[in-house]
Amino acid sequence: MAVGGLLHLWNELGVQVMVLVSFALQVFLLVYGGIRRRNSSAVLRIVLWLAYLSADSTAIYTLGHLSVVSRSREHQLVAFWAPFLLLHLGGPDSITAYALEDNRLWLRHLQTLTVQSVAAAYVVYKYMAGSGALLLLASISMFVAGLVKYGERTWALKCGNMDSIANRVDRSEKSFESLIQHTRDEEEMLLAAHSHFDVCKGFFTDVTMTGDSTRNLYQLLEMELSLMYDILYTKAAVIHTWYGLCIHFLSLLGVAVAFLLFQLSINSTGDGYSKVDVVISYVLLAGALVVEAISWCRALLSTWTSCTFMGRRGRGWEWLLHVVTSLRRRVQPARRRLWSGSIGQYNLLHRCTSDRNGIRSRMAKKLGLEDRWNKMCFSTTFSGSEFCSVEDLKMLVLGAMATIGTGMNSRGSATLGRNQCEVNKWSVDMDLDKSILVWHIVTDLVIRFPRGGGKVNKMLVEATKVLSNYMMFLLVAKPDMLPGRMRREVYLNACKELDREWTRCLDKWSPLEEVESRPREDVLADWLLADLYHSLLKNPDCPSEIFIERYDRENIIRGLIRWSPRFSLLTILAKGRKEEEAPEHAKDVYNAIWIYESIWSTPRGKDTWLEMIFHMWVEMMVYVAEHCSRDSHARHLSHGGEFITITWLMARHIKYYSIPDDAIPNYGSITGGFA
């Protein structure tokens, strides 16, 4: 009986509910659609994804239902809502495409536009033709507004396609130094980013540009990426044109005329309609009018409009530019276009030493989701610390890129060669995934167990650790940002070996209180080095001449390295385990230990060892950024953007443009000098 009542209620009010849900989804997307520009939250992405898909599905379903179900005279107003659904399919200005692939499917949206427009026209013709002239004219007015709005969205999707962007790039030589030298605030920097935007578009579409660059580089590039987000994922490419403004004006005028005509129609012949339907109609009309008015105001007061006025100086447009810029400075929207400053982090030693025996971990393992759960659970973000802010990190990276040079095809060999570490070049010439993993472990060992004299700079230590963890984060959580084939088993094999060593450490290290009193990552690192030392002592295959010096770990391993580079550590460390397990599970981990031990036996070059490793990570990051697909860079703009994308644009600017000397910092100006 209860089920029958619910079905009857749905038959009576189902369309009304669906129309209101469709409108509510539009409001939600209008308010929150643009927040992902600076936010990489997975929860937010899921909610936006559901709202984005549900908005189209709800409108299409409801419009299809209206076209096949007849209505009584009392509910004739339901047919009046068909044009509103067409308007909803046009979507808000703040989110046109959820993913980059949506832009490539613009022809599919064009086909949907045609079908849904025919369906809406059929509903208006069939059910509204005999409802009175005023209501029919209101329906036609709303139909025109919905049609142009949906057409605007389809055209914006086409303009957001990479091929379309490439065709619109201005390839003329540009000089922006005089424009940006004297920028006073973020608003002026954003206008400068507009003037420089063709360079950014050229990089994304592999169109080579020429010209001069400027200081304040990071801020400029972050705003350029924000504008690129607008082109790819919003209606910015259409709105801020003369025909885009005409569409906005036409849709706003159509909704306003429909509201007026509906009011006149209800006042004259409204007694026969359902009160609920009348209220819903007013809600839809008032809501559409408010949404269109907000969109119109946003378009007029946007920085894109300011840039248009700036390009028309000398034609009486200066006063409009001054008015718009003054209004924008009051709310400071330009500041919200800067990058969020959140850098993903993933530390292998932390993952392998953490307790994974909780209920959720066990459930994930039983469901076959252990790897996905570990990736989510142990991925963190860096937004600054006591010793190193994100701004400090960016300046250090910029200084390192200037030191390394303009090459983008080296993964660290140039840095190793400059510091007389050619013996370790094999570690950056191997497959990229292995290289990242090996040097990630090396970095952890160097930071946790530094050697040599001199004071360690804490800012450089933190910056090096952040870059190492960030590259590992890309390998584990975002492998699509890395070029080439990323083999999951390389990472999993290293995890398996480290898990095994951590278990051995807990079983044999005594007392247990000593293990618990230190950071677990330090304990595991110390165990790995001690395990190598004791394995060498006990192994009869080791040459006796390496034990001539003092019987301590450092000298023994140095002797081993002098005797034979990359001595067969796998053979030594595989004692007591199955031979078939040792090569795959031990190779990368113990190659990292070999590098750690070898660098202390190599004469120091131009940099300190920590500087060398930092420069090597920067060099590897530049290589990855340049060889990552342009689509991957563009795709992650919808997830808050990646630091590697900013690094890529920065490296490109340094390579192809003249950078003022005072725009590139030196290490001493940031850290007070290195020991």
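Q: Which residue meets the side chain of E626 in a salt bridge?
A: This is a predicted model, in which local features need pLDDT of at least 70, side-chain atom pairs count only at pLDDT 80 or more, and totals for chains, interfaces and linings use all residues. Residues are numbered from 1 along each chain as its sequence is written, and side-chain values use heavy atoms, with hydrogens and water left out. A salt bridge is a side-chain nitrogen of Lys or Arg within 4 Å of a carboxyl oxygen of Asp or Glu. At 2.9 Å, N to O, the partner of E626 is R652.

Q: How many residues apart are E626 and R652?
A: E626 lies in helix α31 (residues 609-627) and R652 in helix α33; helices are DSSP runs (H or I, at least four residues) numbered from the N terminus. The pair links distant parts of the chain, with a separation of 26 residues.

Q: Are E626 and R652 buried or exposed?
A: Buried means under 20% relative accessible area, exposed over 50%, and partly exposed in between (1.4 Å probe, protein chains only). For both E626 and R652 the class is buried.

Q: What is the distance between the closest N and O atoms of E222 and K394?
A: E222 sits in helix α11 (residues 217-233) and K394 in helix α20 (residues 390-404), 172 residues apart. Both residues are buried. Their salt bridge has its closest N and O atoms at 2.7 Å.

Q: Why does R635 count as partly exposed?
A: R635 forms a salt bridge with E101 (3.0 Å, N to O). The two are 534 residues apart, R635 in helix α32 and E101 in helix α4 (residues 100-104). E101 counts as partly exposed because its relative accessibility is 31%. R635 counts as partly exposed because its relative accessibility is 22%.

Q: Which side chain makes a polar contact of 2.4 Å with the side chain of E642?
A: E642 is in the loop between α32 (630-635) and α33 (643-656), and counts as buried because its relative accessibility is 7%. A polar contact is a pair of N or O atoms within 3.5 Å; within protein, one must be able to donate a hydrogen and the other to accept it, and residues adjacent in sequence count only if both atoms are side-chain atoms. The side chain of E642 has such a contact with Y470 at 2.7 Å. At 2.4 Å, the partner is K478.
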